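Student: I'm new to this one and would like to go through it with you. Can we take it topic by topic?
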Amino acid sequence: SANHAAVLHQEDSLDLPLDREILFSNHKGNYKKRIEKRQTKLLKNVAFLKNFLKEDEKILLITTGCSPTPILEQLLTGWIFIYLKRSLFIFTNKRLFHIPTKRNYSYRYSIAHILYPDCDSIQLKGNRLVVGYKNGKKEKFLYIARKEKKKIKALLPTISFEGTPSEIQKRIHLCPRCTKELEEEKYICPHCFLEFKEKDKAKKISLIYPGGGYFYTRHPFLGVSDAIVETILLVLVIVSLIDAIKGVEGSGYELFPFAILLVIEKLISVYHSNHFIKEYIPKEKDIVPIA
């Protein structure tokens, strides 16, 4: 039909190697037009992925979810962490790509992969994708989209974990420019020397400037919110301190709780910034990949 031809034209225009039989079918292996439309729509967000794929690698499935988020971070951030940690997950015949994204699932030049030979198991438990590595560690990716859950459960038993594991045996971030693996805790690509945001600088900016850590890690909404709260607390601390110096009765009792709240707010900002830094945020805003 004309609609089917239009969808296929969109798919081909992505110029990505796809296993269409798997990608556009349901958990029973039957082709569904609605699945083709959704998968095609999601694939538009990862057109850049062609530069990362191996010669004989094909995309089997794409879905949405959230990056691993510690319970403490969930409690400190609240429900908004679901938007801050939004990600795309791409299963290929060789590995699983994890792509942290913006709120609308657009690319923000952060990408990691999980090699199947590094895994002992990959399971879908409820809405969590649990990856068990051969080194004994586990990662839990949250809020996997309901629309792909049955398909993922059908796909996982077909994935082979055989092969030689890497030395790291864990999720590895890739350079968005040269596509090669990055070294953990080192914020410069050892291959093309692309620089990334640094943990020490994020900490320093978080402590000095209200909302600074969030702005540095490119989360302006959180930055504005935190800046307002920190500024109010700072003003209250200064006013209470001035009153205490003047000998105003009870001012000392006001100074202490305001100062404690300001310190806590700063520590939360530092904590969040450290977690955002782990996603390897390039200092450059627009990256041109090396073909």
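Student: OK, what volume does the largest pocket have?
Tutor: Keeping in mind that this is a predicted model, the largest pocket has a volume of about 670 Å³.

Student: And which residues lie nearest its centre?
Tutor: The lining of the largest pocket counts 27 residues, and those nearest the centre are E139, K170, R171, E184 and K278. Two or more lining residues are given by each of the elements β7, β8 (172-174) and α10 (251-277).

Student: Which element gives the largest share of that lining?
Tutor: That is β7, which contributes three residues to the lining of the largest pocket.

Student: Where does β7 sit in its sheet, then, at an edge or in the middle?
Tutor: The sheet is an open one of three strands in the order β5-β6-β7, paired in the antiparallel sense. Both β5 (119-125) and β7 (138-141) stand at the edges with a single partner strand each, so one side of each has no neighbour in the sheet. From one strand to the next, the twist averages 15°.

Student: How many bridges join β6 and β7?
Tutor: Strand β6 (residues 128-133) pairs with β7 over four bridges, in the antiparallel sense, and in β7 the residue F141 is the bridge partner of L129.

Student: Changing topic: which residues make the nonpolar surface patch?
Tutor: That patch, of about 420 Å², is made by F215, V224, I228, I232 and L236.

Student: Which helix gives the most to it?
Tutor: Helix α9 (residues 220-246) does, giving four residues to the nonpolar patch, and I228 has its place in this helix α9.

Notes. Residues numbered from 1 in each chain as written. Predicted model: local features only at pLDDT ≥ 70, side-chain atom pairs only at ≥ 80, totals over all residues. Heavy atoms only, no water. Patch = residues over 30% accessible without salt bridge, like charges linked within 9 Å, V, L, I, M, F, W, Y side chains within 5 Å. Areas by Shrake-Rupley, 256 points an atom, 1.4 Å probe, with all protein chains shown as cover. Salt bridge = Lys/Arg side-chain N within 4 Å of Asp/Glu carboxyl O. Pairing = 2+ DSSP bridges. Axes fitted to C-alpha atoms, helices over the stretch in contact; angles between N-to-C directions. 1 Å grid on protein atoms, 1.4 Å probe; cavity = no way out; pocket = protein on both sides within 12 Å on 5 of 7 lines; lining within 4 Å. Points joined across faces, edges and corners; volume = space filled by probe spheres on them.
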